[in-house]
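Please keep the sequence and the structure in view while reading.

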Amino acid sequence: MIKKEIEDKELNEFLQTLEEDKLRIFTMAEGRVRGALFHGTRFVNQLRAQHNLGILETYILGQASLCGALTIPMMKDMEHTAIKFEGNGPAQGYSVEASSTGFVRSFLFNEHIQLDKPLESWDLNPFLGQGTITFSRIHKDDKYPQSSTVEVNSGNIATDFATYFAQSEQINTAFNSSIQFDKQGRVIGAGAMYLQIMPKTGGTAKLGSQVDSHAEETEEDEDLLRRVENAFKACPSLGLLYSEKQVDSEDIIIGLFREFSPTITLKRDIIFDCKCNEEYYINYLRTLPKEQIEDIKKNGPDPLEIICRNCGSIYKIPVEKI
């Protein structure tokens, strides 16, 4: 990827005052609940710069990419997940790819959404519309990805992700994502969180032991789910919190979920990046039919300009290189 610089001096100075971008993975309730909190203010600003997006487009792709980044802790070693939403709204959809190595790349199907009037709310249903969300996972030894698709129509990307996990994975999962803009339309705060209630066999040895009453297990699960859900709903806007400079991600986790004794198990970097490079596109161009290559050499253009759809990188390749 050709990394584009964020040219707004005032924004760069502001970003330097914020807590570093990190994803924090945590468990609580004796292992029955796992989750992650991602501070991604710089992450969203980078994807915006790469694709040169407006406010609405940044809001849509930023939230989708933040939620996509949250799937990384759910991955097994050397796993890659592609998430695609296809809708009937003017945004048309989005694609997000996340890797267990900590890299995310993404793009909107329509990066220039026409507005008939100023935005009155952040309800995305008029722009995304009704559609489907597909998760495709591939491990390093897989020949083909494993894919699953569900229908969604919420107008809220975090809710769409939760719907997918409830229907396809049958795991109680909650997502929360938020982006804060200043009066000039700059992204000054961005973050996302997810929680999952794990089966009893996935908790501690005590909780993983056999129980005699299925009804008793269900009642306990419902009570835990209710209390965790109430704590999760009490979370203020993460984008707003991260824009306030002095916020600490660990304080957010402990403050929200104190009664469940949360333990932060890992901190890791998540970066907006793409594996594209000039050599990849040169090799691709060399596979074109000989007649087409000859026509390019004769009639141009020279250099050839290729834009990576996944990250917005622009490669200008001299014809002599192919």
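## Aromatic pairs

Phe-85 counts as buried, at 1% relative accessibility; buried means under 20% relative accessible area, exposed over 50%, and partly exposed in between, with a 1.4 Å probe and protein chains only. The model is predicted, so local features need pLDDT of at least 70 and side-chain atom pairs count only at pLDDT 80 or more, while totals for chains, interfaces and linings use all residues. Residues are numbered from 1 along each chain as its sequence is written, and side-chain values use heavy atoms, with hydrogens and water left out.

The structure holds 17 aromatic pairs. Rings of Phe, Tyr and Trp (its six-membered ring) pair if their centres lie within 6.5 Å; planes under 30 degrees apart count as stacked, over 60 as edge-to-face and the rest as tilted. The rings of Tyr-59 and Phe-181 form a tilted pair, with centres 6.5 Å apart and planes at 40 degrees. Because Tyr-59 lies in helix α3 and Phe-181 in strand β8 (residues 173–181), this pair ties together parts that are 122 residues apart in sequence. Tyr-59 is buried at 10% relative accessibility, and Phe-181 is buried at 14%.

Phe-85 and Tyr-94 form a stacked pair, 5.5 Å centre to centre with 20 degrees between the planes. Tyr-94 is buried, at 0% relative accessibility. One aromatic cluster is formed by Phe-135, Phe-161, Tyr-164, Phe-165, Phe-175 and Tyr-194.

## Helix α3

Helices (H or I, at least four residues) and strands (E, at least two) are DSSP runs, numbered from the N terminus. Helix α3 (residues 55–69) has 15 residues and reaches 20 Å from its first C-alpha to its last. This is close to the 21 Å expected at 1.5 Å a residue, where the expected span is 1.5 Å times one less than the number of residues. Of the 15 residues of α3, 14 are buried, so the helix is largely enclosed by the rest of the structure.

Strands β12 (residues 304–307) and β13 (residues 314–317) pair in the antiparallel sense over four bridges; two strands pair if DSSP finds at least two bridges between them. Leu-304 stands opposite Ile-317 in β13. The two strands, β12 and β13, form a hairpin with six residues between them, and Gly-312 in the turn has a positive phi of about 80 degrees.
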